[in-house]
Amino acid sequence: APFARDISGIEIFGNAGTWWAQAAGKYARGNEPKVGAVMAFKPTRSMPVGHVGMVSKIVSDREVLIDHANWSTINGRRGHIERGARVIDVSAAGDWSEVRVWYAPVKGLGTSSYPLFGFIYNEAADAEA
C-alpha cells in the first residue's frame, strides 16, 4: 500500500483492503480504469488485507498495465516492485469486478482471478463516477 500511495498521490493509509471505504467522500471512485487511478482489490481468503496497484497504461477496454508491489515471488522472495504488470478484466459483465494479474513465477496470468472494489481516482469525491 505505501508504494501505491507514493506513486498515485492518493493519501490513504492502512491495509489495502480498507482503501475503498476510506476513499468514500474524499476521492472519486468508479469501475473504469484511468491512468493514475488506484486499482483496489477486495480482501480474499488468500489475500486477507486486499491489494492496491496504480494503473500505468490502458491497453484496451479489458486490459491495463499496473505498477504495484508485493505481488510476485521473485528469486524466492516477495517485496518487489513490479512495473507494467498485465491485468485483464475477466468479469462476465466486462465491468472490472474480477481480474487476473501477471504473476512472474509462471510468466503469465496464472489461474486465479481476484475481485475488485473498483478504481480510486486522484480527484475530489464530488466527481465520483
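User: Let's start with pockets. What volume does the second largest pocket have?

Analyst: Here's the general idea: rolling a probe the size of a water molecule over the atoms shows where empty space is left. Keep in mind that this is a predicted model. In this case, the second largest pocket comes out at about 160 Å³.

User: Which residues line the second largest pocket?

Analyst: Among them are A1, F3, A4 and A16, along with M47, V49, H51 and V52. Helix α1 (2-8) and strand β3 each supply at least two residues of that lining.

User: Now salt bridges. How do I read those, and what is the count here?

Analyst: Look for a side-chain nitrogen of Lys or Arg within 4 Å of a carboxyl oxygen of Asp or Glu. By that rule you get three salt bridges. Take D89 and R62 to begin with: their closest N and O atoms are 3.1 Å apart. D89 sits in strand β5 (residues 81-89), while R62 is in the loop between β3 (51-60) and β4 (63-69), so to speak a link between distant parts of the chain, 27 residues apart.

User: Is D89 buried or exposed?

Analyst: The cut-off for buried is under 20% relative accessible area. D89 counts as buried because its relative accessibility is 5%. R62, at 31%, counts as partly exposed.

User: Which residue does E63 meet in a salt bridge?

Analyst: R86, with an N to O distance of 2.9 Å. E63 lies in strand β4 and R86 in strand β5, so this pair ties together parts 23 residues apart in sequence. E63 is buried at 16% relative accessibility, whereas R86 is partly exposed at 33%.

User: What about D67, which residue is its salt-bridge partner?

Analyst: That's R83, at 3.5 Å from N to O. D67 is in strand β4 and R83 in strand β5, so parts 16 residues apart in sequence are tied together. D67 is buried, with 9% relative accessibility, but R83 counts as exposed because its value is 56%.

Conventions:
Residues are numbered from 1 along each chain as its sequence is written. This is a predicted model: local features need pLDDT of at least 70, side-chain atom pairs count only at pLDDT 80 or more; totals for chains, interfaces and linings use all residues. Side-chain values use heavy atoms; hydrogens and water are left out. Helices (H or I, at least four residues) and strands (E, at least two) are DSSP runs, numbered from the N terminus. Buried means under 20% relative accessible area, exposed over 50%, partly exposed in between (1.4 Å probe, protein chains only). On a 1 Å grid over the protein atoms alone, a cavity is a set of points where a 1.4 Å probe fits but cannot get out, and a pocket is an open set with protein on both sides within 12 Å along at least five of seven lines; lining residues have an atom within 4 Å of a point. Grid points are joined across faces, edges and corners, and a volume is the space filled by probe spheres set on the points.
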